[in-house]
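Biologist: I have a model open and want to learn how to read it. Can we go feature by feature?

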Amino acid sequence: MDKVVFLLSILSLGISSQPITDSQRLFSIAVSRVQHLHLLAQRLLSDFENSLQIDEQRQLNKIFLQDFCNSDYIISPIDKHETQRSSVLKLLSISYRLIDSWEVPSQFLSGGSAQRNPISPKLSELKTGILLLIRANQDGVEMFTDDVVLQLAPYGNYYQSLGADESQRRSYELLACFKKDMHKVETYLTVAKCRLSPEANCTL
């Protein structure tokens, strides 16, 4: 008898909340993938910093401000309180734009070698997943207007021929900004995922 009740409860849950279950599954996959990218970003930056001399590290820390990353043109919440007040669609839209802004620069995060660089395909997969979540949570696609597509040149100066010191600084900027943006996306997707569970505490 208990088994019958258990099976009926599962069937009832599947019928009544299948869309929510699908969204939760997609969110779980997206959060897991961006967490992996964030950890990868941390490792890349740490490896780069460890390859520098102490004086070089200090100099780079002095001259580089993470508030001036290329992706800062994408309007996003300024603090955790605004993040918590933002709608799921807004958080998904910002996350999509941040991931999309790294499509080209990500090719240079590991020396530009596709065989050694697993980041670009991971970003592409995550972007596809976020787009599916956006479509599942809205009827139209008004978020993706022409002004979103017209992005700034991604780290344009980074691809020029540079001196050793300048190239080192640009590499540090790229890695630090990538880490910063992956942390943002991880936060936004985690909060958006939490919104699917009304009983959950989504406090950052």
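Biologist: How many residues does helix H5 have, and what does H5 reach from its first C-alpha to its last?

Modeller: First, a caution: this is a predicted model. Helix H5 spans residues 88–100, which is 13 residues. H5 reaches 18 Å from its first C-alpha to its last, close to the 18 Å expected at 1.5 Å a residue.

Biologist: Is H5 mostly covered or exposed?

Modeller: For burial, the cut-off is under 20% relative accessible area. H5 is mostly covered, with 10 of its 13 residues buried. Among them are Leu91, Ile94 and Leu98. Val88, Leu92, Tyr96 and Ile99 are buried too.

Biologist: At what angle do H5 and helix H6 pack?

Modeller: Helix H6 covers residues 119–137. The angle between H5 and H6 is about 155°, and their axes lie 9 Å apart. Angles over 145 degrees count as roughly antiparallel. H5 and H6 are therefore roughly antiparallel to each other. Their crossing is left-handed.

Biologist: Which residues in H5 meet H6?

Modeller: On the H5 side, they are Val88, Leu89, Leu92, Ser93, Ser95, Tyr96, Ile99 and Asp100. The H6 side includes Leu123, Leu126, Ile130 and Ile134. Of the H5 contacts, Leu92, Tyr96 and Ile99 are also buried.

Biologist: Now covalent links. Which residues does the disulfide join?

Modeller: The structure holds one disulfide. Cys69 is joined to Cys177, with S to S at 2.1 Å. Cys69 sits in the loop between helix H3 (54–63) and helix H4 (80–85), and Cys177 in helix H8 (residues 164–194), so the pair ties together parts 108 residues apart in sequence.

Biologist: What is the handedness of the link between Cys69 and Cys177?

Modeller: The link is left-handed, with -90° about the S-S bond. Both Cys69 and Cys177 are buried.

Note on methods: Residues are numbered from 1 along each chain as its sequence is written. This is a predicted model: local features need pLDDT of at least 70, side-chain atom pairs count only at pLDDT 80 or more; totals for chains, interfaces and linings use all residues. Side-chain values use heavy atoms; hydrogens and water are left out. A disulfide is a pair of cysteine sulfur atoms within 2.5 Å. Helices (H or I, at least four residues) and strands (E, at least two) are DSSP runs, numbered from the N terminus. Buried means under 20% relative accessible area, exposed over 50%, partly exposed in between (1.4 Å probe, protein chains only). The expected span of a helix is 1.5 Å times one less than its number of residues. Axes are lines fitted to C-alpha atoms, for helices over the stretch in contact, and angles run from 0 to 180 degrees between N-to-C directions. Angles under 35 degrees count as roughly parallel, over 145 as roughly antiparallel, 65 to 115 as roughly perpendicular and the rest as oblique. A crossing is left-handed if the near helix is turned anticlockwise from the far one by less than a right angle, and right-handed if clockwise. Contact means heavy atoms within 4.5 Å.
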